[in-house]
Amino acid sequence: MIKFLSDFLWGAASSSYQVEGDNDLCDWWAWEKAAGKEQSGKACRHYELFEQDFDLVRGLGHNAHRLSIEWARIEPEEGRFSDKELRHYAAVLQALKSRGIEPVVTLHHFTNPLWFSRQGGWESPRAVAQFLRYCDVVIRALAGQVHYWITINEPTIYFSHSYFLGAWPPQGRSFFRALTVHDRLARAHIEAYSLIHRIYKDSGLSRPAVSIAQHISAVVPCRPDFRNKAAARLRDYWHNFEFMDIIARAKTLDFIGLNYYSRNLVDVSSWWPGNLLMETCSKGHHPLKKNSLGWDIYPEGIYQVLVKLKRYGLPVMITENGICTNDDSQRWEFLSAHLRQIGLAMEQGITVTGYLYWSLLDNFEWDKGFGPRFGLIDVDYRTFQRTVRPSAVKLAGVCKTGILE
Ligand code: FCB
């Protein structure tokens, strides 16, 4: 049996673009069409249905919820800020608060306004100043309702997928472009951190808690030979900790937001940097069950990562962890196994303050479209009907009692 503390934050995570619908002023919206991808369209219509979704959240015993603000809604044209959309997000936060649910708010979750990307996006020398101007408006408008801020979601995934691997808009395939964006994102976080603290201080509000949500996978060498072990170390550093180290050195983390999903099984066939950084075992060694996108299910990994995070000496909030599957019994297996590993880490003295499952609703999974089903709640994309899954009810039992049998 594992007993979680009574102030533990229990909830689910989401992002605006993936659930709201009709975010037609974003770079992703234009790219989906141009690249011939499945289109996000109405997504889950959460923009209109948030009250009813938060009723479900409350029913499931959650006391926290992670969401993001859509920059393109707030600033549809450069320098023009929408009072209507600021009021919308204030109403969303109020809807959470009135149900006793603590918001965890992300300022950037992969998407950008179209005008921003047309000017060069994160490669532009103006990017950081533009992002900070948007942050300034949002923080001033919403500060009174928010304690937990996530400046940037998964910066390492964002700059690698969008500027190095060519998978996401603007489909860059250059190490140097990725490096430029890496530097801009680090600066954007560092300056946004100071900005948030300054605004709270000047407004006489109590100190907020600010972090990023960092995607960290468990890096495991397939065979323990020298090359695989060296590649694993290199990869662990570049994929997982390099960005964190920069912003931790700048003392701009109040806690660590951890997004954990899977294992990276390192098996490299040469010393070529591309292989060292990316090649994984293709021979089916050490097989594990997989989610519907083929990602290994490796609950021990969340424990291993939490132990590694100890070196920062900061509390950790699990800002994402979840499974896409068409078999909901697999979801509860996943959830309970990961919670057990988190419990184990807590027994070793690691402070974990909350667990936010990805995701509340089935939603638009970026370039993979609507196929993957991550939700605690099933969404019928024809009728937008929500159906609470049995795994969500089981998790609710843990949220309400703090006990995992
Ligand atoms: C994370 C993203 C989130 C979602 C999950 C499955 O990397 O932050 O938006 O797509 O993966």
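Trp271 counts as partly exposed because its relative accessibility is 46%, the class that falls between buried (under 20% relative accessible area) and exposed (over 50%), judged with a 1.4 Å probe and protein chains only. The model is a predicted one, in which local features need pLDDT of at least 70 and side-chain atom pairs count only at pLDDT 80 or more, while totals for chains, interfaces and linings use all residues. Residues are numbered from 1 along each chain as its sequence is written, and side-chain values use heavy atoms, with hydrogens and water left out.

Rings of Phe, Tyr and Trp (its six-membered ring) are paired if their centres lie within 6.5 Å, with planes under 30 degrees apart called stacked, over 60 edge-to-face and the rest tilted. By this rule there are 35 aromatic pairs. In one of them, the ring centres of Phe226 and Trp271 are 6.0 Å apart and the planes stand at 50 degrees, so the pair is tilted. Phe226 belongs to helix 10 (residues 226-249) and Trp271 to the loop between strand 9 (263-266) and helix 11 (273-278), so the pair ties together parts 45 residues apart in sequence; helices (H or I, at least four residues) and strands (E, at least two) are DSSP runs, numbered from the N terminus.

Side chains of opposite charge can pair when their charged atoms come close. The structure holds 33 salt bridges, each being a side-chain nitrogen of Lys or Arg within 4 Å of a carboxyl oxygen of Asp or Glu. The table gives some of them.

| Salt bridge | N to O distance |
|---|---|
| Glu320 and Arg66 | 3.0 Å |
| Arg133 and Glu78 | 3.3 Å |
| Arg373 and Asp378 | 3.7 Å |

Glu320 and Arg66 are both buried, whereas Arg133 is partly exposed, with a relative accessible area of 33%, and Glu78 counts as partly exposed at 29% relative accessibility. In the remaining row, Arg373 is buried, with a relative accessible area of 19%, and Asp378 is partly exposed, with 23%.

Glu320 is also among the residues that surround the ligand, including Asn153, Glu154 and Glu365, where a residue is taken as near if one of its heavy atoms lies within 4 Å. An oxygen atom of the ligand lies 2.5 Å from a side-chain N or O atom of Glu154, and a polar side-chain atom of Glu365 is 2.7 Å from an oxygen atom of the ligand.

Technical notes. A polar contact is a pair of N or O atoms within 3.5 Å; within protein, one must be able to donate a hydrogen and the other to accept it, and residues adjacent in sequence count only if both atoms are side-chain atoms.
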